[in-house]
Each structure stands twice: as structure tokens, then as C-alpha cells.
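Please keep the sequence and the structure in view while reading.

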Amino acid sequence: MSDPLSLPWLLPAPADFRARIKAARTAEDLDPRAATGLAAHALDLSQLGQLGRLLAARHDEFAGMGRLRPITIGIAATHTADLVAEALPGTGLRHGLLVTTHQVDYGQTAQALLDSKSSLAEAKPDFVLLALDALALGLARPFFDQAEAEAAVQSALDYVISLRDGAKSNVGAGAILHTLAPPVETLFGSFDARQPGSVRWMIGRFNQRLASEAIGEADMLLDMAALAETVGLAHWHDPLRWHDAKMPFALDAIPLYADHVCRLLAAARGLSRKCLVLDLDNTLWGGVIGDDGVEGIRLGQGSAAGEAHLAIQSLAMDLRRRGIVLAVCSKNEEAAALIPFREHDEMVLKEEHISCFVANWTDKATNLKAIAQTLNIGTDALVFLDDNPAERERVRQELPEVAVPEVGEEPADYVRLLAMAGYFEAVSFGEEDRKRAEMYQANAQRSSAMQKIGNLDDYLASLEMTCSIRPFDELGRARVAQLINKSNQFNLTTRRYTEGEVATIESDPGKFTMQVRLVDRFGDNGMISVVVFDKGDQAWRCDTWLMSCRVLGRRVEEAVLAHVAKAARAEGAIQLIGEYLPTAKNVLVEKHFEKLGFHFAGELAGGGTSWVLDLADYRLPELPMDVRSSEEAGQQRTGVLA
Amino acid sequence: MERTEITEKLTEIMEDVFDVDDLEYSDSLSAADIEDWDSLSNIRFMVAVEKAFGVRFTNSEIEGLDNIGQMADLIRSKQA
């Protein structure tokens with residue numbers, strides 16, 4: 001996986017970045033949105049500088065867009081912070097912020113914060129970044145006495161707190177306080193960890209106390225120690241840059257550091273993301289549920305891929321527990337997409353954890369808009385996690401405000417990249433956060449029920465389906481036999497027949513057979529259902545009824561029933577009899593006959609249930625598809641089967 | 001790497017770091033010729049060059065450079 005310094009969750013900067021900046025700088029009509037889009041890339045220090053200068057030159061046009069939150073940040077540092085100041089405005093664009101900086105002169109930190117008439121106070125910053133280093137705080141050299149060491153830590157904290165209070169009372173700003181990055185160099189070696197007064201010991205103690213004692217209500221903590229450790233201390237600290245320019249860390253780390261500052265500012269302005277939208281196939285599990293079935297997907301202990309997908313689910317679950325709303329956006333049949341949530345033992349995420357579940361064939365940008373609407377949040381509150389680069393690209397184009405992490409092909413990287421991106425940065429955590437996911441869920445249920453009543457048939461009609469039904473024949477025989485032998489889930493009786501047996505059934509006048517194909521506007525689904533009934537004088541008994549899960553929820557089974565019912569009536573039968581023979585895999589169709597209007601007729605010896613449909617009571621349905629059958633003369637239009 | 005390749009790459013880096021367009025390269029180019037070339041952007045420049053060529057300059061090497069031509073020679077000697 002890439003280096004955190006390269007901001008690997010973002011797309012690389014476009015090759016013509018400079019040309020685009022130049023064009024924007026000289027354009028008569030600046031498109032601030034396009035310039036803002038540039039900030040969504042992994043920009044280096046020079047590029048952030050160029051973007052920042054564009055922002056300064058055309059400030060009013062960016063402000064006029066009305067989508068960016070203005071924020072002023074004062075920078076009071078005990079080292080060179082000019083390059084950080086230069087990187088912040090460009091980075092701020094990435095987080096929806098229009099950042100203005102005001103830098104305190106080198107060595108003037110205390111004066112600026114303790115004087116209510118300082119130029120810093122006059123700039124009226126919203127926050128002051130207090131960038132103090134270990135040297136300035138007296139923690140860069142060891143003490144060999146515990147009391148002295150504790151006193152040094154205490155005095156460093158007192159100093160920080162006095163500056164924080166100065167920011168509040170003299171400048172009217174909250175403070176952003178840093179933990180300190182531990183040094184690479186030890187004095188004793190591992191023993192430093194045990195020796196009060198070693199630099200590592202003092203910095204550890206200072207960081208702990210700073211986090212628990214020094215952060216007031218208006219203030220925020222930037223955990224620079226954690227950031228530096230994530231990068232690697234030997235990369236973070238660059239002694240030559242410290243000596244020749246008083247740079248507190250390597251220049252390469254500035255874009256990452258600036259991103260962390262802007263995350264905090266965005267969180268303080270309520271701009272952190274609120275909802276994680278998850279793709280399913282090859283994101284929450286390995287494989288494709290529609291093709292591989294619940295037994296075939298890779299999820300859970302025992303395989304590297306299965307565990308990686310499990311880790312993604314665990315992260316999502318933990319995010320939910322801290323108040324991030326979860327949604328699903330998948331190109332799938334809803335019924336198939338739900339199967340793992342209901343049946344797979346190792347799923348961490350269950351249906352009840354997903355506040356808005358969208359599985360259909362509509363494009364994802366449209367679905368993301370619908371999800372945001374259902375949850376009553378903006379699309380700029382969404383993070384969209386999808387393994388498919390084409391889907392990511394499309395969403396970025398259609399909805400640039402949605403955060404789309406560039407996760408690559410290795411699911412084992414997803415958790416780290418998502419966490420590194422910091423989309424859900426928080427500056428507090430309270431009771432409301434804990435309850436938020438449930439609150440959104442209640443909203444979503446109401447709203448999705450309303451949408452469903454209004455739209456299901458419209459949606460099905462929009463698929464422009466043509467269902468063609470004909471008896472078994474030589475042409476379809478091999479495929480019929482294949483389906484009979486491999487269908488597990490949507491299979492009422494799970495009776496297996498060889499191709500030879502299928503040929504016998506085909507020519508048996510006592511059998512009524514159907515092979516069903518479905519074409520929709522997305523293409524030909526091929527043969528998706530196989531049905532065999534035994535003809536009796538009074539009653540026709542269903543021997544085999546199976547269907548591909550890809551077309552669940554399309555009402556194809558109703559078209560099938562209408563077809564057989566009509567044929568049975570024409571030959572004088574008065575009943576259809578259905579049987580459900582349970583297996584480990586076909587619980588999906590336990591209520592199949594009941595849903596189609598059959599009456600329960602009793603338990604079968606040896607397990608299973610029997611169902612009866614009285615043909616006298618049966619009404620042919622109106623269906624949202626064109627049904628064509630070879631027995632009928634000509635072709636008939638939608639729903640007019642009678 | 002040929003010296004011309006080095007100087008072409010250096011020109012691109014200078015354009016990027018000092019934010020100037022269509023820079024005319026000459027060996028005698030130095031901070032005096034470019035408006036935004038101050039001590040801080042000089043460091044940015046050094047770091048960008050180090051990264052682009054996969055080399056590391058010592059402080060005394062940096063301080064000993066009078067113009068961009070000398071830098072190209074230094075890079076060449078480090079890559080040899």
C-alpha cells in the first residue's frame with residue numbers, strides 16, 4: 001500500500017494540473033467548481049501553493065459560489081510555518097472551506113496571544129493553530145530526576161494553557177493544540193520508556209496530560225504524535241530541514257499535516273461526512289452474490305479475502321456505533337442482495353444496521369441522490385465505498401461533492417485507506433451520536449415505504465421487460481438440464497434430471513413444460529425459469545419450478561403461473577397443486593405458493609408443504625411486461641393475457 | 001542520465017516550484033533571476049529536486065551552489 005504522505009485515498013493530480021491552474025487564473029469567467037474539483041486530488045506542496053495563489057487572486061469568485069464555508073485561522077508557531085500556511089487554503093477547498101490564514105511573526109507567539117490589540121487579534125481568527133515544538137516547551141533535553149522531569153512537563157502544560165487562554169480571552173478564538181511527535185533518537189535505548197526524564201518519557205507524559213487536561217470546550221486537539229507515528233518517525237523528522245530552515249517535520253509531510261488541520265476545521269463547522277454508503281459485491285464480501293450464491297461468496301474466517309471483507313464490515317459496524325449512518329448502494333436484485341444479510345452466519349452487518357438499502361439496476365449517482373434524500377442529508381455528507389473503478393469515476397463526475405476513496409483492487413487495503421482519509425473526523429462524542437444511526441433508520445423506513453408504494457410498478461415498467469415462454473424443446477434442452485441440476489435457492493422441489501430424462505419429459509403428453517426467457521433494457525437474461533407440471537384430469541401437480549435469483553422481484557413467477565393456469569383451464573382442470581420440499585438452500589421459496597394465492601393444503605409426509613389453487617377463483621394479473629408464448633397465435637401486449 | 005535530460009527536468013521543477021511559466025533555461029540561472037526564489041522556496045526546490053532525481057544533497061553542497069548549471073553537474077555526479 002502506498003505511503004500515507006502521498007494521500008493515497010485521493011486520485012493523483014492530473015498531469016496538466018499547472019496548465020489548468022494557469023487557465024483558471026487568466027480566465028475571464030472563472031469556474032470555481034472546476035478549481036474546487038482540483039483540490040480533490042492528491043496535491044503536493046507546489047501544487048497546493050499554486051491552488052492557494054489562485055484562491056487568493058480570485059477570492060471573491062470562490063466566495064460567491066456560496067458552497068464554501070469561510071474560516072480564518074491564525075498560526076502561532078515556534079518554528080517555520082510559512083509552508084503550512086501556504087498549503088492550508090488549497091487543502092481547505094478539499095474540505096468545503098474557504099481558508100484565510102494569518103501568520104504570527106516568528107518568535108512573537110506569546111505577544112500575539114497575550115495582547116488583545118495584536119495584529120492576530122485584529123484579524124479575528126476563528127481558530128489559532130498553536131504549533132509549539134518540544135524545544136520551545138523545554139522538553140527536548142532529558143532530565144535525570146523524576147521531580148525535575150514532572151516539573152518540566154507541568155511547566156510546558158502551564159505555558160500551553162496560558163496561550164490557549166490568551167487565544168480565548170484576547171483573540172476570541174478556539175485553539176488547536178498539538179501533541180508532540182516523539183523523537184527517533186533514544187538516549188538509553190528501550191530503557192528510555194522506563195526512565196522518567198528521558199525525552200520519550202516526558203513527551204509521552206505531556207501528550208497524555210495535554211489530551212485530558214488542556215483542551216477547553218472551544219478548542220481542538222491535533223494528535224500530531226499519532227500522525228507522525230503513522231508516517232513513521234524516521235520519515236517524519238528531517239534533521240537537516242530542522243537545522244537549515246527550522247522546519248518541524250519533513251516537507252513531504254506538509255500536505256498530510258494540512259489535510260489533518262482542515263479535517264478538524266471542517267469537523268468544527270459540521271462539515272464532516274455523516275453517512276458511509278457501501279457497495280456489496282467485492283466490497284462487503286468477495287464475489288458476486290447473484291452468480292455465486294450465498295454459499296459461494298467469500299466472507300469470514302479461513303481465507304485472506306474472506307477476512308479482509310470481514311474487516312471492512314467490522315469497521316463499518318464500529319463507525320455505526322459512533323453515529324455514522326450506513327447505507328447500501330448495489331447493482332443487484334434486492335432479494336439476492338439481502339440474502340447474505342439474512343442467511344450468511346459470518347456477516348457482521350445485518351439488515352437492521354443499514355439505514356437505507358438500495359439494490360437495483362439504476363445508476364449509482366441517481367441512487368446516491370435518493371439515499372441522501374431518504375436520510376434527509378446532503379450528498380456532500382456521503383462517502384461512497386466501491387471496488388469498481390468505473391462506478392467510482394461515474395459518481396465523481398456526476399456528484400463531485402460525494403467523497404469517493406480511491407481504494408484500488410486489494411480489499412485488505414480498504415480499512416486503512418478509509419480510516420486514513422479521515423472523512424468522519426469528530427471533535428466530540430456524545431449521547432446524540434450514539435443514537436443517531438437509529439434515528440436515521442426510523443426516518444428512512446418511513447420514507448422508503450412511501451417510495452415503494454408509489455414506485456415499484458413504475459420501476460418494473462421502466463425495465464421494459466419481455467418474457468417469452470415455450471415448452472421444452474431440443475434447442476433448449478441442454479440449458480434446461482443445466483438449470484435443473486444447478487439451481488438451489490429458487491427451487492421448489494430440487495428434483496434433478498439428466499438431459500436424457502429431460503428429453504423423456506419433453507415428449508411425454510402427460511407433462512406440461514415451460515422454459516422461460518427474459519429480456520430487459522439492460523440485455524438478455526437468457527433462460528431464467530424452468531417449470532414442469534404433471535397433468536391430471538382434475539388437478540395439475542407441480543413437479544418442478546425453479547427460477548434464477550437474478551430476476552427475483554420482477555413478477556416473472558406471476559407470468560409463469562398465469563401461463564400454466566390458462567393452459568390447465570383450457571384442458572378442463574379445476575386445481576393446481578404446488579409442493580415445497582425444503583432443503584438447506586431453498587428457504588427463499590418457502591412461501592412461494594402462498595404469495596401466489598395458493599391455499600395451504602397440509603404437511604407432506606417426509607417434510608414439506610402442499611398448496612392448492614382453485615382455478616375458478618384465480619384472476620389473471622396485469623403484469624408490467626410483455627409476455628409472449630409460442631402456443632398463442634401472434635404476440636400479445638402487456639398484461640392482456642385473458 | 002544525459003545532462004540535457006537533467007536540465008529539462010530541472011526547468012519543469014523550477015516552473016512548478018517557483019510558479020513561473022515558460023522558463024528559458026540557462027546554466028547561469030540563479031535566485032537573482034526568479035522573483036519567487038527566496039530562502040524558503042529554495043528549500044522547497046531542493047526537496048523537489050531530491051525527490052525527482054532520487055538523490056540527497058548535504059547542507060554544504062546546497063550552500064556551495066551558485067547557479068542551476070552547477071546543480072545539474074552535481075546531480076550528474078551523484079547519479080554516476
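In chain A, strand S3 (residues 69-77) and S5(A) run parallel and are joined by 5 bridges. The model described here is a predicted one. Within this pairing, A:Ile75 has A:Leu129 of S5(A) as its bridge partner. S5(A) is also joined by 4 bridges to strand S6 (residues 174-178) of chain A, and these two strands run parallel. Here the bridge partner of A:Leu129 is A:Ile176 in S6(A).

Is strand S5 (residues 127-131) of chain A mostly covered or mostly uncovered? The strand is mostly covered, as 5 of its 5 residues are buried. On one side of S5(A) lie A:Phe127, A:Leu129 and A:Ala131, and on the other lie A:Val128 and A:Leu130; these residues are all buried, and both faces of the strand are covered.

## A helix with a buried side

Helix H16 of chain A comprises residues 334-343. Its buried residues are A:Ala336, A:Ala337, A:Leu338, A:Ile339, A:Pro340 and A:Phe341. Against which elements do the buried residues of H16(A) pack? They pack against three elements of chain A: helix H14 (289-296), strand S9 (325-331) and strand S10 (356-360).

## Three individual residues

A:Leu7 is found in the segment that precedes strand S1 (11-12) of chain A. Its phi is positive, at about 45 degrees, although the residue is not a glycine. Is A:Leu7 buried or exposed? Its relative accessibility is 1%, so A:Leu7 counts as buried.

A:Lys124 lies in the loop between helix H7 (119-122) and S5 of chain A. A:Lys124 is likewise a residue other than glycine with a positive phi, near 45 degrees. In contrast to the buried A:Leu7, A:Lys124 is exposed, because its relative accessible area is 65% and the cut-off for exposed is over 50%.

A:Thr493 has its place in the loop between helix H21 (477-486) and helix H22 (499-507) of chain A. A:Thr493 counts as buried because its relative accessibility is 5%, and buried means under 20%. Which residues does A:Thr493 touch, if those up to four places away in sequence are not counted? They are A:Asp543, A:Thr544, A:Glu579 and A:Leu581.

## Chain A as a whole

The secondary structure of chain A consists of 24 helices and 19 strands. Along the principal axes, its C-alpha atoms fill a box of roughly 100 × 60 × 40 Å. The radius of gyration of chain A is 33 Å, whereas a compact globule of 642 residues would have a value near 26 Å.

Of the 642 residues in chain A, 53% are buried. Among the contacts in chain A with a separation of 6 or more, 73% are made by residues 24 or more positions apart. The chain exposes about 27900 Å², and carbon and sulfur atoms supply 49% of this area.

## Chain B as a whole

Chain B has 4 helices and 0 strands, and its pattern along the sequence reads α-α-α-α. Its C-alpha trace spans about 30 × 25 × 20 Å along the principal axes. How does the radius of gyration of chain B stand against the value for a compact globule, and what are the two values? A compact globule with 80 residues would have a radius of gyration near 12 Å, so the 11 Å of chain B agrees with it.

Buried residues account for 44% of the 80 residues in chain B. Of the contacts in chain B with a separation of 6 or more, 55% come from residues 24 or more positions apart. Chain B exposes about 4200 Å², of which carbon and sulfur atoms supply 44%. Its side chains include 7 positive and 20 negative ones, and the centres of these two sets lie 10 Å apart.

Terms used: Residues numbered from 1 in each chain as written. Chains lettered and ligands numbered in written order. Predicted model: local features only at pLDDT ≥ 70, side-chain atom pairs only at ≥ 80, totals over all residues. Heavy atoms only, no water. Rg over C-alpha atoms; globule rule 2.2 N^0.38 Å. Buried < 20%, exposed > 50% of the residue type's maximum accessible area, 1.4 Å probe, protein only. Contact = heavy atoms within 4.5 Å. Areas by Shrake-Rupley, 256 points an atom, 1.4 Å probe, with all protein chains shown as cover. Lys, Arg positive; Asp, Glu negative; His and termini not counted. Charge placed at Lys NZ, Arg CZ, Asp CG, Glu CD. Pairing = 2+ DSSP bridges.
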